Amino acid sequence: MAARLEVRKTYKLYIGGAFPRSESGRSYEVADTKGRFLANAALASRKDARDAVVAARKAFGGWTKATAYNRGQILYRVAEVMEGRRAQFVDEVAAAEGLTARRAEAAVEAAIDRWVWYAGWADKLPQVLGSTNPVAGPYYNFSVPEPTGVVAVVAPQESSLLGLVSVLAPVIVSGNTTVVLASENRPLPAFTLSEVLATSDVPGGVVNLLTGRVAEVAPWLASHMDVNAIDLAGADDAALRTELEIAAADNVKRVRRPDTDDWTADPGLARIRSFLETKTVWHPIGV
Amino acid sequence: MTRSPSALAVDQGALDDAVRSDAALRRFLHGLPGVDQVGAEARAAALSTRSIKTTAKAFAIDLAISMIDLTTLQGNDTQGKVRTLCAKAMRPDPHDASVPRTAAVCVYNDLVGQAREELGDSGVRVAAVTTAFPSGRASLAVKLADTRDAVVQGADEVDMVIDRGAFLSGRYLEVFEEIQAVKQVCHENGADAHLKVILETGELATYDNVRRASWLAMMAGADFIKTSTGKISPAATLPVTLVMLEACRDWRDATGRMMGMKPAGGISTTKDAMKYLVLVNETVGTDWLTPDWFRFGASSLLNDLLLQRQKMSTGRYSGPDYVTVD
């Protein structure tokens with residue numbers, strides 16, 4: 001029997017629920033930790049970033065108005081589909097991060113568990129982060145958390161799946177939409193995650209995934225006037241980070257600086273809280 | 001500039017003869033060469049692939065802004081809405097005084113007075129839609145009264161609709177005389193309102209009809225021919241605009257007079273606007289690249305142009321928070 005031809009996959013961007021090639025037509029080679037060729041991936045340009053922000057803005061209204069319960073269900077479904085792709089994730093994480101099969105498996109399990117953990121928070125955030133405030137007058141006074149808007153995320157460079165999930169899930173659980181710039185040299189698990197998102201009821205545009213050079217694309221996201229916050233978790237270069245923070249100041253974006261490399265630790269609510277606004281309402285006590 | 005040669009040999013004498021009777025008019029309009037549908041669509045598609053960048057793009061954006069008839073034609077239009085629209089027409093971007101004014105504000109008849117008052121002597125013109133817009137289903141007397149009302153209130157431009165029913169059933173002279181009558185009202189009592197004739201190409205079914213209706217309107221005295229009301233889909237398309245621009249070009253060849261053109265409806269992005277400008281440049285030439293002879297009937301287009309302009313002047317992408325909500 002003749003040897004079967006290999007079915008090679010073209011890794012593309014994930015924008016507005018579709019998988020387009022880069023507008024620029026460019027691609028780059030992705031290698032494993034030993035330098036062996038893994039795949040070609042789309043190399044995003046500033047115009048892809050622009051399109052992604054437009055898609056994220058368009059999706060914001062629907063996602064933020066969905067009930068918290070519904071968002072939780074959808075995110076839990078993502079974890080279910082991830083579980084179904086477990087073997088694929090393990091292979092990709094092992095190749096991307098140079099891990100043994102066992103450690104890769106542990107990383108994938110931690111990532112899925114992390115997603116489930118965040119999914120559970122969808123309908124619990126307002127109770128925990130909101131409050132009824134004491135005031136000296138005939139009013140009820142409430143503070144309720146609301147999503148910030150469109151959040152750009154520079155995903156961690158080293159931890160290709162667990163790190164990605166740990167920065168992505170806390171952004172969307174509260175109703176934000178996002179443009180994620182995946183790990184530059186380890187993007188394969190992110191591609192697979194985008195396929196998971198596309199097939200698990202997450203509305204198109206809620207998560208948009210770009211792959212490419214952080215130094216090229218991130219400044220356009222940081223300076224974009226229609227992006228409301230930016231997470232610099234994977235902006236490893238200090239000079240670039242400073243540049244991004246300065247650009248982000250133009251429309252007073254919320255900026256989250258990188259603070260950890262240990263993605264296995266209990267994340268707490270800090271990342272969720274970073275991308276929330278607080279709305280306080282005075283309500284007269286009835287007459 | 002590449003320019004496909006005019007297939008027409010028409011002179012002023014032929015035009016005068018054509019309007020002597022219904023039969024003569026029909027003979028003339030049906031004697032116009034047929035439109036090559038495939039060719040027109042292919043040419044429009046080919047011209048829409050041009051890439052306009054940097055300084056050319058900046059020029060085109062400002063030109064497009066200055067060509068906009070900023071339009072609101074909703075049943076729920078209020079005086080307040082017209083006021084904000086007029087403010088936007090005079091100063092499209094509050095943060096940037098270098099943005100040109102739009103050409104006109106286009107409103108329903110009863111809001112002309114309000115618009116006139118807001119715009120004052122700013123140079124932005126007031127256009128009114130009349131003749132029982134958008135359907136045109138009313139008696140001639142009502143249509144003329146409608147137009148007179150707009151002109152008396154101070155409309156600089158009148159956008160009338162043709163009677164598509166009469167046109168499609170072949171009563172060309174009736175349509176012709178109606179346009180003439182409206183034109184007369186535009187010039188009553190020393191007024192000098194420009195007449196734009198809306199063909200509503202979405203209801204004309206074929207490009208041949210679009211060409212005939214264009215000639216009919218031009219011969220009846222239109223100052224502008226306009227594609228659509230914006231209430232019918234499809235509204236303006238590139239091939240339809242191409243056919244009408246060719247009519248404008250042939251009209252100038254035949255009579256020596258220029259004819260304005262206004263695509264309206266469905267043009268909402270800068271990219272679309274650029275395609276139309278390319279089409280104008282390549283079909284009728286640079287003489288038409290001015291608000292005097294080419295207009296866009298649009299509302300949301302302006303915001304997109306402003307976003308692109310902000311991107312070009314600041315170097316960063318802008319967002320809908322930085323233009324007005326309308």
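Residues are numbered from 1 along each chain as its sequence is written, and chains are lettered from A, as ligands are numbered from 1, in the order in which they are written. Because the model is predicted, local features need pLDDT of at least 70 and side-chain atom pairs count only at pLDDT 80 or more, while totals for chains, interfaces and linings use all residues; side-chain values use heavy atoms, with hydrogens and water left out.

**The interface**

Select the residues in contact (heavy atoms within 4.5 Å): ten come from chain B and ten from chain A. The two chains bury about 980 Å² between them, 52% of it on carbon and sulfur atoms; buried area is the accessible area (1.4 Å probe) that two parts lose on being put together, summed over both. On the chain B side, pick B:R316, B:Y317 and B:Y322, which lose the most area to chain A, together 65% of what that side buries.

Next, show the side chains of B:R316 and A:D250, which meet in a salt bridge at 2.6 Å, N to O. The rule (a side-chain nitrogen of Lys or Arg within 4 Å of a carboxyl oxygen of Asp or Glu) finds one salt bridge across this interface. The side of chain B that touches chain A has three nonpolar, three polar and four charged residues. Here Ala, Val, Leu, Ile, Met, Phe, Trp, Tyr, Cys and Pro count as nonpolar, Asp, Glu, Lys and Arg as charged, and the others, Gly among them, as polar.

**The sheet of chain B**

Switch to cartoon. Helices (H or I, at least four residues) and strands (E, at least two) are DSSP runs, numbered from the N terminus, and two strands pair if DSSP finds at least two bridges between them. In chain B, eight strands form an open parallel sheet in the order β7-β6-β5-β4-β3-β2-β1-β8. Its edge strands are β7 (260-262) and β8 (296-298), each pairing on one side only.

Now select residues 125-129 and 157-161 of chain B: these are β3 and β4, parallel over three bridges. B:A128 has B:V158 in β4(B) as its bridge partner. Helix α9 (172-186) of chain B packs on the sheet, touching β4 and β5 (194-198) of chain B.

**The sheet of chain A**

In chain A, three strands form an open antiparallel sheet in the order β3-β4-β10. Strands β3 (131-132) and β10 (276-284) of chain A each have a single partner strand, so one side of each is left without a neighbour in the sheet. Select β4 (139-147) of chain A, which pairs with β10(A) over nine bridges. End at A:N141, which stands opposite A:W282 in β10(A).

Key:
Axes are lines fitted to C-alpha atoms, for helices over the stretch in contact, and angles run from 0 to 180 degrees between N-to-C directions.
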